[in-house]
Amino acid sequence: YGSAAPLVPPSPDLEVVRQAAMGCRACHLWRLGTQTVFGEGSPNARIMFVGEQPGDKEDLAGRPFVGPSGELLAAAMEEAGIARDDVYITNAVKHFKWIPQAGRRLHQKPNAREIRACLPWLEAELARIKPKAVLLGATAAQSILGSDFKLTKNRGRFVESDLAPYVLATLHPSAILRMPDQELREASRESLVEDLRLLAANVD
Ligand code: URA
Ligand code: SF4
């Protein structure tokens, strides 16, 4: 199976890396997505947020977290007192994986091989931005921390990792939006804000 590793340029300049990622065909997902959706944000960001993969809106816009989950994340960041300038936002997988259903593009979870193929891009982002803190959604957490990682047990707790001094896994904004129960949804949103506050307190 493919890996993006040979495509990652050694340049310390993230823009050079981004340009290289635009032509990535290391796994079959490039055929499904409209374009590579690379991370975005200040190269001096102290916090990096790693989602799963671009959704429908992100795929069309070519930018991460511009759809409904991005709105939720932005609002949670504001509540936690985190400035946009302080955050770099990216995904574990850079192409949108979907199947057609009733004339729409239905999101499909990336599998372990796809996540592994794309990991060199995420590693390149981490190596250049060197964030002090990383916030992971469930998929990113499992891909980076191993499939034994349990979000239910470890949400909101710092986990040891060589990714950054502070690594925290939290509920993915899309998972919160999908919760059918309103009370649970609001409580989960509050948990996300809490986790962001904890990160913010540790980057000061
Ligand atoms: N969900 C993600 O994981 N990433 C995005 O960019 C958008 C939605
Ligand atoms: Fe390359 Fe990642 Fe896209 Fe696969 S998903 S083609 S590894 S950028």
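Let me start with ligand 1. In this predicted model, 13 residues surround ligand 1. The closest are G51, E52, G55, E58 and P64. What classes of residue make up the shell around ligand 1? It divides into 8 polar, 3 nonpolar and 2 charged residues.

Now ligand 2. Here 15 residues surround the ligand, and C24, C27, K94, H95 and C118 are the closest. By class, the shell around ligand 2 has 11 nonpolar residues, with 2 polar and 2 charged. Which element gives the largest share of that shell? That is α5, with 3 residues. Helix α2, residues 29-32, and α5 each supply at least two residues of the shell.

Helix α1 covers residues 14-22 and helix α5 covers residues 112-129. Their axes come within 10 Å and cross at roughly 170°. An angle over 145 degrees counts as roughly antiparallel, which means that α1 is roughly antiparallel to α5. On the α1 side, the contact is made by L14, V17 and A21. These meet W121, A124, E125 and R128 in α5. By class, the contact of α1 with α5 has 5 nonpolar and 2 charged residues, and no polar ones.

Next, the sheet. It is open, has 5 strands, and its order is β1-β3-β2-β6-β7. The pairing is mixed. Which strands are at the edges? They are β1, at 40-41, and β7, at 166-169, and each pairs on one side only. Further in, β2 is made of residues 47-51 and β3 of residues 87-91. These two strands run parallel and pair over 5 bridges. Within that pair, F49 stands opposite I89 in β3.

Strand β4 is residues 98-101 and strand β5 is residues 104-107. They run antiparallel and are joined by 4 bridges. The bridge partner of Q101 is R104, in β5.

Last, confidence. The protein averages a pLDDT of 95, and 100% of the residues score at least 70. Where is confidence lowest, and where is it highest? The lowest is in α6, at a mean of 88, and the highest is in α1, at 98. As a general point, where pLDDT is low, predicted coordinates should not be read in detail. For the model, ipTM is 0.96 and pTM is 0.95.

Definitions and conventions. Residues are numbered from 1 along each chain as its sequence is written. Chains are lettered from A and ligands numbered from 1 in the order in which they are written. This is a predicted model: local features need pLDDT of at least 70, side-chain atom pairs count only at pLDDT 80 or more; totals for chains, interfaces and linings use all residues. Two strands pair if DSSP finds at least two bridges between them. A residue is near a molecule or strand if its C-beta atom, placed from the backbone, lies within 6 Å of it. Ala, Val, Leu, Ile, Met, Phe, Trp, Tyr, Cys and Pro count as nonpolar, Asp, Glu, Lys and Arg as charged, and the others, Gly among them, as polar. Axes are lines fitted to C-alpha atoms, for helices over the stretch in contact, and angles run from 0 to 180 degrees between N-to-C directions. Angles under 35 degrees count as roughly parallel, over 145 as roughly antiparallel, 65 to 115 as roughly perpendicular and the rest as oblique. Two residues are in contact if their C-beta atoms, placed from the backbone, lie within 7 Å. pLDDT is the predictor's confidence in each residue, from 0 to 100.
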